[in-house]
Amino acid sequence: MKRSEMREQAFFLTFESLFNLNDNMDELIEMYSDNVEEVCEYAKDIFSGITSKKEEFDSIINTYSKSWRVSRLPKVTLAILYVALYEMKYVENVPVNVAINEAVEISKKYAGKDDPAFINGILGSVSRES
């Protein structure tokens, strides 16, 4: 499985978790594995990391998003941002520009027409400040 496909799995799990009130990661992973495909370890690691860093990422997004608070962002956009922020900050073998580019590509596939530019702007600002 390609890294981009692994990243997409992490996005799907993160997106689903934004609707799930019980926050049972193992249940979401099992459901995805049973209904779509086996979840790879990389996606599990990213998903787990996002779950533990969500408050940090919300704060970052709120800092760099001038017009939209986290609570108002579409869940697709939020899930994409979470995956990219986790990779940018906590995955050493993923260059920042790759994490940003992959987030923009996922947003072109799953998000609204204005979301790729929004996501690129937020992540670009974060990368310049880091």
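Predicted model: local features only at pLDDT ≥ 70, side-chain atom pairs only at ≥ 80, totals over all residues.

Q: Is T14 buried or exposed?
A: T14 is buried, because its relative accessible area is 1% and the cut-off for buried is under 20%.

Q: What does T14 touch, leaving out residues up to four places away in sequence?
A: T14 touches F47, I50, A79, Y82 and V83.

Q: And how far is T14 from M25 in space?
A: The C-alpha atoms of T14 and M25 are 9.4 Å apart. In sequence the two are 11 residues apart.

Q: Let's move to α3. Which residues does that helix span?
A: Helix α3 covers residues 41-64. It also has a kink of about 70°.

Q: Where is the kink centred?
A: On K53.

Q: Which residues of α3 are buried?
A: Y42, A43, I46, F47, G49, I50, F57, D58, I60 and I61.

Q: What do those buried residues pack against?
A: Four helices: α1 (3-17), α2 (25-35), α4 (75-90) and α6 (115-129).

Q: Take α1 first. How do the axes of α1 and α3 cross?
A: They cross at roughly 40° and come within 8 Å. The two helices are therefore oblique to each other. The crossing of α1 past α3 is right-handed.

Q: Which residues make that contact?
A: From α1, the contact uses R3, M6, R7, Q9, A10, L13, T14 and S17. From α3, it uses Y42, A43, I46, F47, I50 and K54.

Q: How does the contact of α1 with α3 divide by class?
A: Into eight nonpolar, three polar and three charged residues.

Q: Now α2. At what angle do α2 and α3 cross?
A: Roughly 150°, with axes that come within 11 Å. That makes α2 roughly antiparallel to α3, since angles over 145 degrees count that way. α2 passes α3 in a right-handed crossing.

Q: Which residues are involved there?
A: M25, L28 and I29 of α2 meet K44, F47, S48 and T51 of α3. By class, that contact has four nonpolar, two polar and one charged.

Q: And α4? What is the packing angle with α3?
A: About 100°, with the axes 8 Å apart. The pair is therefore roughly perpendicular.

Q: Which residues of α3 and α4 make the contact?
A: On the α3 side, Y42, D45, I46, G49, I50, K53, K54, E56, F57, D58, I60 and I61. On the α4 side, L78, L81, Y82, V83, L85, Y86, E87, K89 and Y90. K53, where the kink is centred, is among the α3 residues in this contact.

Q: How many of them are charged?
A: Seven, along with 13 nonpolar and one polar.

Q: Tell me about I61. Buried or exposed?
A: I61 is buried, at 0% relative accessible area. Setting aside residues up to four places away in sequence, I61 touches V70, L73, L78, L81, Y82 and L85.

Q: How far is I61 from L123?
A: 8.8 Å between C-alpha atoms. They are 62 residues apart along the chain.

Q: Change of topic. Where is S107?
A: In helix α5, residues 96-110. S107 counts as buried, at 0% relative accessibility. Leaving aside neighbours within four places in sequence, S107 is in contact with I80, G112, D115, P116 and I119.

Q: What about E102, buried or exposed?
A: Buried, because its 18% relative accessibility falls under the 20% cut-off. E102 is found in α5. E102 touches S4 and R7, not counting residues up to four places away in sequence.

Q: How far is E102 from M1 in space?
A: 15 Å, C-alpha to C-alpha. Along the sequence, they are 101 residues apart.

Q: Last one: E8. Which helix is E8 in, and what does E8 touch?
A: E8 is found in helix α1. E8 touches I106, K109 and Y110, not counting residues up to four places away in sequence. E8 is buried, with a relative accessible area of 16%.

How values were computed. Residues numbered from 1 in each chain as written. Heavy atoms only, no water. Bend = angle between axes of the 7 residues up to and from the residue. Buried < 20%, exposed > 50% of the residue type's maximum accessible area, 1.4 Å probe, protein only. Contact = heavy atoms within 4.5 Å. Axes fitted to C-alpha atoms, helices over the stretch in contact; angles between N-to-C directions. Parallel < 35°, antiparallel > 145°, perpendicular 65-115°, else oblique. Nonpolar A, V, L, I, M, F, W, Y, C, P; charged D, E, K, R; others polar. Left-handed = near helix turned anticlockwise from the far one by under 90°.
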